[in-house]
Amino acid sequence: VQSAWQAGLGVSHDQPLELDCHPFPHLLIRNFIQSDSFTENLQRELLDLNFHEKSNDLYKFNQSDDLKKRKEPHITGLRAALFGLFRSWLGEVLGIELEPIVDVSCAKYQYTDVLLCHDDELEGRRVAFILYLVPPWESSDGGTLDLFSTDDHFQPHSVVKSLVPSWNTLILFEVSPVSFHQVAEVLSEDKCRLSLSGWFHGPSLERPPRHIELPFPRSPHLPRDETLLLEWVNPLYLDVDYQSQVQQEFEDSSEIQLKNFLKEEKFKEVSEALRLTDVQWTKQGPPNRRCYEVASLESFPQCVSACWELLCSEAFFLLLSNFTGLRLHYLSPSDEDEEEEKDQEDEEEGEATGSSGDTPSANKNNKEPSTPVCVGELRRWAHGDYTLLHDGDASKAEYALDLLLPLNYCDCHGCHFSSVSSCPQLLMVYPEENSLALVYRDKETLKFVKHINHRSSTLPIGDSCRRAVYDFSFVYYE
């Protein structure tokens, strides 16, 4: 095993041990614990633990507290064996000295639980391990450990191997810049994927420079007048008094949903065109950042192109300004304008009374305001799609207005848009049919779309099931 691991070769024995170095080194040991009674008692002790629900952009499952101080006899016994004799054996296989750090917990994955694509890299982690204590399990039950290939930028590309959990089987893999893997969504409604997992610590492998993605190109508004608004938008939202009411509500909460936003006949026309027309869709990746499809602008049906123009138009920028109070058009008032008016009034009052003071505009920053811009996508979502937060996202976060216009959704669909700051979830927006969602993000806030699970992807609609939904997703910058 040592020779094969270090030479990057596979080993398969009649004995229950298998080493494969594709797409990265991983070792499978069946019947890891010799005693059946010990394994069964270990399972009982683990199921009696307190579990906490874990849910964010990357995962959804239940996890125990750290097991390094638990006193139950079988947990204690396994922990001592893993981080004692077995750690020494594993260190010899790798040709390094592993540290005596105990890092182990228990996880329960049940129906729709998932852990999406990641590499496990964290300072000190050298080898990951998982010990499965599951009932008889088939690939159709989901919950497989999926291993990804990587591209020339050390980014995950596609799943090339799936390991089905099995009772008393230990899986080890080397943590490295290419050790991308996931726990596929559990599809069984009555089985529990119980496992012990953790890491052996040692000197980390050298990491290449992180790949930096190019930003999406941003565009100023299209020169289209209010004729587009009159053609497409529900007249309620073109009423000036109602716009003021919307703005007040938006400024109070930094988010709003405008129901029945498009005229009903226009909304139906766009929805039908997307379902019945041959639009060109492209899968977006890499899987450690996103998984959904984007439509090619050139393949839009005519009515979809017209809706796209609406969302990019100068008239719509001004409408958004009226809805939000943001300066997305040169005609929209801003806080600076109000301050300047007040300063001007103070100046005139000072001149009238003969008072002296600083020249009112001498110390003001008179730089020209930047041109408002936007970036948008027409997206298609299906079972298994998602977006994830990334290590570099926080450093590039900006003030922005997010827009989401869902098509072919229903109220109970599980796909949703969330804004988060670090880990705490600040806001969750559930898409609704023809409901325009607006969310203002500051520089401390990021967003993601939660994994679309099996429960939400086969919703009965009449005599059929809707397996794909669509949305226009735009970001506007002042």
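Q: In this predicted model, which residues is Gln182 in contact with, leaving aside its neighbours within four places in sequence?
A: Let's start with where this residue lies: Gln182 has its place in strand S12, residues 181-183. Neighbours within four places in sequence are left aside, and contact means heavy atoms within 4.5 Å. The residues that remain are Leu115, Leu116, Cys117, Thr144, Leu145, Asp146, Phe148 and Val159.

Q: Does Gln182 count as buried or exposed?
A: The cut-off to keep in mind is that buried means under 20% relative accessible area. Gln182 has 13% relative accessibility, so Gln182 counts as buried.

Q: How many disulfides does the count come to?
A: A disulfide is a covalent bond between the sulfur atoms of two cysteines. The rule used here asks for a pair of cysteine sulfur atoms within 2.5 Å. By this rule, the count comes to 0 disulfides.

Q: Which cysteine has the sulfur nearest to that of Cys106, and how far away is it?
A: Cys106 is in no disulfide. A pair would need its sulfur atoms within 2.5 Å. The nearest cysteine sulfur belongs to Cys192, at 8.0 Å.

Q: What about Cys117: where is the nearest cysteine sulfur?
A: Cys117, one of the contacts of Gln182, is buried, with a relative accessible area of 2%. Cys117 is in no disulfide either. The nearest cysteine sulfur is 9.8 Å away, and it is that of Cys291.

Q: Why is strand S6 said to be largely enclosed by the rest of the structure?
A: Strand S6 spans residues 104-109. One of its residues is Cys106, which counts as buried because its relative accessibility is 0%. Strand S6 is largely enclosed because the buried residues number 6 of the 6.

Q: Which residues of S6 point the other way from Val104, Cys106 and Lys108?
A: In a regular strand the side chains alternate between the two faces of the sheet. In S6, Val104, Cys106 and Lys108 point one way, and all residues on both sides are buried. Pointing the other way are Ser105, Ala107 and Tyr109.

Q: How many bridges join S6 to strand S13?
A: S6 has a link to strand S5 (residues 59-64), where 2 bridges join the antiparallel strands. S6 also runs antiparallel to strand S13, residues 193-201. The number of bridges between S6 and S13 is 6.

Q: Which residue of S13 is the bridge partner of Lys108?
A: Lys108 is the bridge partner of Asn62. Towards S13, the partner of Lys108 is Leu194.

Q: Which residues of H5 meet H8?
A: The axes of helix H5 (residues 240-253) and helix H8 (residues 314-324) come within 6 Å and cross at roughly 60°. That makes H5 oblique to H8. On the H8 side are Leu319, Ser321, Asn322, Phe323 and Thr324. On the H5 side are Gln243, Val246, Gln247, Phe250 and Glu251.

Q: How many nonpolar, polar and charged residues are in the contact of H5 with H8?
A: The contact includes Phe250 of H5 and Phe323 of H8, and such Phe residues count as nonpolar. By class, the contact divides into 4 nonpolar, 5 polar and 1 charged residues.

Q: How do the residues of the contact of H7 with H8 divide?
A: Helix H7 (residues 302-312) and H8 have axes that come within 5 Å and cross at roughly 50°, which makes H7 oblique to H8. Leu310, Leu311 and Cys312 of H7 make the contact with Glu314, Phe316 and Phe317 of H8. These residues divide into 5 nonpolar, no polar and 1 charged.

Q: Which helices and strands do the buried residues of H7 pack against?
A: H7 is largely enclosed by the rest of the structure because 8 of its 11 residues are buried. Those residues are Cys303, Val304, Ala306, Cys307, Trp308, Leu310, Leu311 and Cys312. They pack against H4, H6, H8, S18, S20 and S27.

Q: What does Asn260 count as in terms of accessibility?
A: Asn260 has its place in the loop between strand S15 and H6, and touches Asn234, Tyr237 and Asn434, not counting residues up to four places away in sequence. At 48% relative accessibility, Asn260 counts as partly exposed.

Technical notes. Residues are numbered from 1 along each chain as its sequence is written. This is a predicted model: local features need pLDDT of at least 70, side-chain atom pairs count only at pLDDT 80 or more; totals for chains, interfaces and linings use all residues. Side-chain values use heavy atoms; hydrogens and water are left out. Buried means under 20% relative accessible area, exposed over 50%, partly exposed in between (1.4 Å probe, protein chains only). Axes are lines fitted to C-alpha atoms, for helices over the stretch in contact, and angles run from 0 to 180 degrees between N-to-C directions. Helices (H or I, at least four residues) and strands (E, at least two) are DSSP runs, numbered from the N terminus. Angles under 35 degrees count as roughly parallel, over 145 as roughly antiparallel, 65 to 115 as roughly perpendicular and the rest as oblique. Two strands pair if DSSP finds at least two bridges between them.
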